[in-house]
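Subject: Structure handover

Hello,

Here is the structure we spoke about. Please open it first, and then read the notes below alongside it.

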Amino acid sequence: MGLPILGETLEFLKPHSSNSMGSFLQEHCFRYGKVFKSHLFGAPTIVSCDLELNMFILHNEGKLFETSYPKPIHGILGKYSLLLVSGDLHKKLKNIAVSFSSSSKSTPEFLHWVEKLSLSMMESWKNRREVSFCKEAKTFTMNIMVKHLLSIKPEEPLAAEILHDFATYMKGFVSLPLYIPGTAYTKAVKARARLSSTVKEIIEKRKKGNAGVVAKKGEDFLDVMLSKQKLSDEETVSIVLDILLGGYETTSTLMALIVYFLGHSPNAFQTLKEEHQAIAENKKEEETLNWEDYKKMQFTCHVICEAMRCGNVVKFVHRKALQDVKFKGILIPSGWKVLPMFTAAHFDLSLHDKPLDFNPWRWIHDKEMSKKVTPFGGGPRLCPGAELAKIVIAFYLHHLVLSYSWKTKADDFPLALPYVEFRRGLAMEIQPADYERINVRRRRSP
């Protein structure tokens with residue numbers, strides 16, 4: 001069970017390559033099996049590296065298990081965060097997040113905005129030989145989210161302020177929870193307070209300017225929430241920040257993982273490029289990408305799913321047993337923490353052939369793949385923005401692979417901290433692609 005108080009937490013959180021299980025899980029699974037007990041985050045804990053048990057835990061949310069994140073995280077996320085709330089409040093807030101995702105992916109204006117920003121990034125790289133991709137990806141995803149959610153344009157100073165505060169906010173997630181001046185945790189709590197204040201000011205202005213007005217087509221999602229949802233200001237602020245965080249951090253991280261894996265898989269890159277060449281060559285002059293084009297991006301979706309399996313944007317989630325639970329001869333005592341380890345199942349030799357290999361074709365040959373992975377969680381807390389993230393990334397990849405080829409640095413790889421970060425920000429050398437896109441598609445501005 002490790003050291004007094006700390007248990008095995010420091011060893012558990014030790015950074016390692018995100019496209020691996022890490023030494024802690026490997027050693028413990030070898031010694032004790034796929035399910036073992038430990039002492040983590042200040043509490044006795046059952047760690048599950050078993051896919052079947054993981055799915056059982058996720059699908060019994062609110063019945064046998066409940067969300068149970070460490071108290072210091074509450075100070076960063078706020079008490080109304082989707083990660084923390086449960087019951088009817090969770091259902092209400094999640095429905096809003098689902099509504100945002102569903103309405104966005106079917107809105108031509110949103111898809112055009114994604115494509116416009118993608119083209120803008122490709123153009124900004126034209127005279128460069130090296131880019132820091134993580135920084136570019138985070139700017140890209142934040143600009144998409146703040147424009148569609150809050151009508152803040154990329155060139156506005158407020159967009160840069162929000163991006164900076166979210167970067168500070170993320171660094172506090174896995175820092176030591178010491179609320180003293182200068183620590184990453186303190187900076188994160190203060191960044192969250194600034195973000196909350198910013199959104200509150202926007203809400204107050206909207207209420208004053210649109211009292212009694214029903215949201216119209218063309219208005220942003222905050223207008224829709226204010227006109228249709230009966231939420232307190234604190235709940236509205238929290239769901240806005242949750243949507244921004246999900247659309248910004250996890251999407252940009254997945255984009256970086258895809259670029260990293262494609263840089264090490266020439267065959268996957270070439271197959272992906274050929275798929276997008278076929279789509280581009282069948283578009284009319286000045287015609288933008290649309291939902292029908294996305295449905296043709298089948299190999300693209302396999303690339304995205306495989307990057308999620310290999311890269312593990314979310315390594316695990318925190319749960320707690322509400323009562324004594326027995327599962328296949330295993331007893332999980334009431335009140336114990338439970339950590340379903342998604343990473344372990346993703347690299348399970350009994351589930352995947354050569355699990356450490358990045359192989360998008362496995363999603364074609366193995367029709368059961370979707371049942372063998374949990375990159376977006378599962379049960380009532382299944383990520384509400386999963387499909388929207390895929391569309392954003394697919395549209396972005398369309399322009400990236402038709403515009404450039406790239407090489408990443410040998411010593412730059414994704415680290416699990418436990419959130420994913422690249423040692424050097426995924427610095428990569430770029431070259432213009434040898435495929436010449438139709439000129440009108442290069443010039444068009446959606």
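To begin with a pair of helices: helix H9 passes helix H11 in a right-handed crossing. Please bear in mind throughout that this is a predicted model. The two helices, H9 and H11, pack at an angle of about 115°, and their axes lie 10 Å apart. On the H9 side the meeting residues are Arg192, Leu195, Ser196, Val199, Lys200, Ile203 and Lys207, and on the H11 side they are Asp233, Glu234, Thr236, Val237, Ser238, Val240 and Leu241.

Helix H10 covers residues 221-228, with Phe221, Leu222, Asp223 and Met225 buried. Those buried residues pack against four helices: H5 (87-105), H7 (133-150), H9 (184-209) and H11 (233-263). Where H10 starts, aspartate 220 brings a side-chain oxygen to within 3.1 Å of the backbone nitrogen of leucine 222.

S1 pairs with strand S11 (residues 414-416) over two bridges in the antiparallel sense, and leucine 415 in S11 is the bridge partner of serine 17.

There is another open sheet of three strands, again with antiparallel pairing, in the order S5-S13-S10. Its edge strands, S5 (130-132) and S10 (404-408), each pair on one side only. Neighbouring strands in this sheet are turned against each other by 35° on average, direction ignored. S5 and strand S13 (residues 427-432) run antiparallel and are joined by three bridges; serine 132 stands opposite alanine 427 in S13. Helix H17 (residues 386-403) packs on this sheet and touches S10 and S13, with its direction at about 90° to that of S10.

Strand S2 (residues 35-40) and strand S3 (residues 43-48) run antiparallel, joined by six bridges, and valine 35 faces serine 48 in S3. S2 is mostly covered, with five of its six residues buried. Two residues lie between the strands of the hairpin, and phenylalanine 41 takes a positive phi near 55°.

Finally, a word on confidence. The protein chain has an average pLDDT of 88, and 94% of the residues score at least 70. Which stretches have a pLDDT below 50? One is residues 211-218, which has eight contacts in the model beyond near neighbours in sequence. Another is residues 436-446, with 31 such contacts. Where pLDDT is low, the predicted coordinates should not be read in detail.

Regards

Technical notes: Residues are numbered from 1 along each chain as its sequence is written. This is a predicted model: local features need pLDDT of at least 70, side-chain atom pairs count only at pLDDT 80 or more; totals for chains, interfaces and linings use all residues. Side-chain values use heavy atoms; hydrogens and water are left out. Two strands pair if DSSP finds at least two bridges between them. Axes are lines fitted to C-alpha atoms, for helices over the stretch in contact, and angles run from 0 to 180 degrees between N-to-C directions. Contact means heavy atoms within 4.5 Å. Buried means under 20% relative accessible area, exposed over 50%, partly exposed in between (1.4 Å probe, protein chains only). A polar contact is a pair of N or O atoms within 3.5 Å; within protein, one must be able to donate a hydrogen and the other to accept it, and residues adjacent in sequence count only if both atoms are side-chain atoms. pLDDT is the predictor's confidence in each residue, from 0 to 100. A crossing is left-handed if the near helix is turned anticlockwise from the far one by less than a right angle, and right-handed if clockwise.
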